[in-house]
Amino acid sequence: MDFRCGYVSILGRPNVGKSTLLNKLVGQKISIVSPKPQTTRNIVTGILNQKDLQVIFLDTPGIHKSKNSLDRYMEKSIQKSLEGIDLILYMLDGTKRFFQEDIDEIKAFCAGETPVVILVSKIDDTTFEKLYPELAKLNSIQNVQEIIPFSSFNGKNLDVIKETIKKFMPISPAMYPTDTVTDVSERFIASEIIREKALWLLQQEIPHGIAVEIEKFEQKDKITKISATIYCEKDNHKKIIIGNAGSTLKKIGEESRKDIERMLNQKVFLELWVKVKERWRDSDILSSNLGYDKRDIG
Ligand SMILES: Nc1nc2c(ncn2[C@@H]2O[C@H](COP(=O)(O)OP(=O)(O)OP(=O)(O)O)[C@@H](O)[C@H]2O)c(=O)[nH]1
Ligand SMILES: [Mg+2]
């Protein structure tokens, strides 16, 4: 049987469930997830390996209107993710109404050369009666290959998604060793895990102004020693992140450590610091120091 290998870009508005699906398809946590929009900031690559197939997924930051330097970086990384792509998965949130703006955007992608499949997410959390009129809005889109309602939570139609993707993958040898699940480093995933825990634990209090920098990542035989700093934009945010007698920071540390230990399959010693860097999202230099580097994406 011919081996197939290709690239798939996952696009859509913030918070529709892109990273959750990527983790599901790959079978491992590669990209962090939170109930807040704009969780993903970089392109994250996840690789699905099967006997006769390798799919390289690019999880992108949600598409939204640009504001600051970080937003512009995220937008550029979406454009970058479309170069050399064999299939676009455009995701809509099945629990929300579909807006004309979204439909126009899908039409624009469908007018291009790359085939487009529409995925409608979170159908575990809606009813057919509510979903049906929204799906009907997609009728006006031409050139769309498939429309697949699915749920990452209960697994509905994940097999259909995989089968559909396979049809669009070109005959080609694997691009990566077939036991790899990502091309991002463990060090990067560790920083993202810490950011994820902070986003979940700080839910309402802190907007998106946090970033995580790993200062030390030392893997020894029995233990990995990690030292990381959480950057926030304001002094009062720092107090909230630290919490009463350090309780919030401790919780972020404990939960992050467990996830990182699971990823590395090893004991982890994690040290966390909190620092204020005002308006880091407006500064190219600070953004790039914190891992959002424009030079990476040209
Ligand atoms: N009910 C339900 N919720 C889901 C499902 N998939 C994801 N979610 C939730 O939707 C929220 C957003 O998920 P993400 O995977 O971070 O979404 P995203 O599209 O990657 O978001 P950005 O990175 O911000 O663009 C989280 O709270 C998820 O738990 C699903 O299948 N069903
Ligand atoms: Mg995401």
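Colleague: Is Glu218 buried, partly exposed or exposed?

Modeller: Glu218 is partly exposed, with a relative accessible area of 32%. Keep in mind that this is a predicted model. Glu218 also has a charged partner.

Colleague: Which side chain meets Glu218 in a salt bridge?

Modeller: Start with the general idea. Side chains of opposite charge can pair when their charged atoms come close. Here the partner of Glu218 is Lys220, at 3.5 Å from N to O. Lys220 is partly exposed, with a relative accessible area of 46%.

Colleague: How many salt bridges does the count come to?

Modeller: The count is 16 salt bridges. Let us take two more. Lys251 forms one with Glu255, and their closest N and O atoms are 3.3 Å apart.

Colleague: Where do Lys251 and Glu255 sit, and how many residues apart are they?

Modeller: Both are in helix 8 (residues 247-264). Because they are four residues apart there, about one helical turn separates them. Lys251 is partly exposed at 40% relative accessible area. Glu255 is partly exposed too, at 28%.

Colleague: Which parts of the chain does the pair of Glu146 and Lys167 link?

Modeller: First, the contact itself. The side chains of Glu146 and Lys167 meet in a salt bridge of 3.5 Å, N to O. This pair links distant parts of the chain. Glu146 belongs to strand 6 (residues 144-149), and Lys167 to helix 5 (residues 158-168). The two are 21 residues apart.

Colleague: Why does Lys167 count as exposed?

Modeller: Its relative accessibility is 58%, and exposed means over 50%. Glu146, at 30% relative accessibility, counts as partly exposed.

Colleague: Now the strands. In what sense do strand 2 and strand 3 pair?

Modeller: Strand 2 and strand 3 (residues 53-59) are antiparallel, and they pair over seven bridges. Together they form a hairpin, with two residues between them.

Colleague: How many residues of strand 2 are buried?

Modeller: Five of its seven residues are buried. Strand 2 (residues 44-50) is thus mostly covered.

Colleague: What is the order of the strands in the open sheet of three?

Modeller: The order is 7-8-9, with mixed pairing. Strand 7 (211-219) and strand 9 (267-276) stand at the edges. Each has a single partner strand, so one side of each is left without a neighbour in the sheet. From one strand to the next, the twist averages 15°.

Colleague: How do strand 7 and strand 8 pair, and over how many bridges?

Modeller: Strand 7 pairs with strand 8 (residues 223-232) in the antiparallel sense, over eight bridges. For one position, look at Glu213: it stands opposite Thr229 in strand 8.

Colleague: Which helices pack on the sheet?

Modeller: Helix 6 (residues 186-201) does, touching strand 7, strand 8 and strand 9. The direction of helix 6 makes about 135° with that of strand 7. Helix 8 packs on the sheet as well, and touches strand 7, strand 8 and strand 9. The direction of helix 8 makes about 140° with that of strand 9.

Colleague: How do I read side chains along a strand?

Modeller: In a regular strand the side chains alternate between the two faces of the sheet.

Colleague: Is Ser227 buried or exposed?

Modeller: Ser227 counts as buried, at 8% relative accessibility. A polar contact of 3.4 Å joins its side chain to that of Glu271. Leaving aside residues up to four places away in sequence, Ser227 touches Glu213, Ile214, Glu215, Lys216, Glu271 and Trp273.

Colleague: Last, the ligand. Which residues come nearest to ligand 1?

Modeller: Of the 22 residues around ligand 1, the nearest are Lys18, Thr20, Gln38, Thr39 and Thr40.

Colleague: Which polar side-chain atom lies 3.1 Å from an oxygen atom of ligand 1?

Modeller: One of Lys122. Backbone atoms take part too. A polar backbone atom of Asn15 is 2.9 Å from an oxygen atom of ligand 1. For Ser152, a polar backbone atom is 2.9 Å from an oxygen atom of ligand 1.

Notes:
Residues are numbered from 1 along each chain as its sequence is written. Chains are lettered from A and ligands numbered from 1 in the order in which they are written. This is a predicted model: local features need pLDDT of at least 70, side-chain atom pairs count only at pLDDT 80 or more; totals for chains, interfaces and linings use all residues. Side-chain values use heavy atoms; hydrogens and water are left out. A salt bridge is a side-chain nitrogen of Lys or Arg within 4 Å of a carboxyl oxygen of Asp or Glu. Buried means under 20% relative accessible area, exposed over 50%, partly exposed in between (1.4 Å probe, protein chains only). Two strands pair if DSSP finds at least two bridges between them. Axes are lines fitted to C-alpha atoms, for helices over the stretch in contact, and angles run from 0 to 180 degrees between N-to-C directions. Contact means heavy atoms within 4.5 Å. A residue is near a molecule or strand if one of its heavy atoms lies within 4 Å of it. A polar contact is a pair of N or O atoms within 3.5 Å; within protein, one must be able to donate a hydrogen and the other to accept it, and residues adjacent in sequence count only if both atoms are side-chain atoms.
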